[in-house]
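Hi,

Here is the model I promised to pass on.

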Amino acid sequence: MERMHGTTIVAVRRNGVTAVAGDGQVTLGQTIMKTGAVKVRRLEQGGGILVGFAGAVADALTLLEKFEGALSGAKGNLQRAAIETAKLWRTDRVLRNLEAMLVLADRDTLLLLSGNGEVLSPDEPVIAVGSGGPYALTAAKALLRHSSLSAAEIAEQAIRLAGEIDLYTSGQPTQVLSVGGTP
């Protein structure tokens, strides 16, 4: 059975603004199945929480639903909700087999929620996942260090640059969302 590859997600924080961008390419084997998948969302709860997801869509949406439930229980506290979701993900027999990663962000925090029950906060204000994640991460770090671009511009350019290297990244952001000051 051919492996499906999906979306690259990158999140960047600069000057009180956090931006999350994702490309929408979904590839099955050698075939591009879709170029406009939207895997970046703004949550209604929590006052400006952005979520990007990579991996199996049904798995990611299941985790996103669990995270939203935890966010409600944590009264909008991003970090506490992420930890509760990771606990559930790791201990639930069905959930622990889900194949997805969530990037969670607000104006002050970037987190990666992984299938191993990890909640990771990066050392630098940038995080990326998905098939082109390593390329987008490298591009975003370089742009963050050596340019005056805004968080949204860095996220968008990181997706474009990842697309120049990774076969499974289109290089065309389908969604760039920001939270915080002026993007």
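**The strands, then a helix**

Strand β8 (residues 100–105) runs antiparallel to β9, and four bridges join the two. (Helices, H or I of at least four residues, and strands, E of at least two, are DSSP runs numbered from the N terminus; two strands pair if DSSP finds at least two bridges between them.) This is a predicted model, so to say: local features need pLDDT of at least 70, side-chain atom pairs count only at pLDDT 80 or more, and totals for chains, interfaces and linings use all residues. Residues are numbered from 1 along each chain as its sequence is written, and side-chain values use heavy atoms, with hydrogens and water left out.

Back to the strands: β8 and β9 make a hairpin with four residues between them. Leu102 has Leu113 of β9 as its bridge partner, and Leu113 also stands opposite Val119 in β10. Two bridges link β9 to β10 (residues 119–120), again antiparallel. From β9 (residues 110–113), Leu110 and Leu112 point one way and Leu111 and Leu113 the other, yet all are buried (under 20% relative accessible area; exposed is over 50%, partly exposed in between, with a 1.4 Å probe and protein chains only).

Now for α3 (residues 133–146). Gly133, Ala136, Ala139, Ala140, Leu143 and Leu144 are its buried residues. Down the helix axis they fall within an arc of 130 degrees, so they line one face of α3 (the arc is taken over directions from the helix axis to the C-beta atoms). They pack against β2 (8–14), β11 (126–130) and α4 (151–163), contact being heavy atoms within 4.5 Å. Turned away from that side are the exposed Pro134, Thr138, Arg145 and His146.

Cheers
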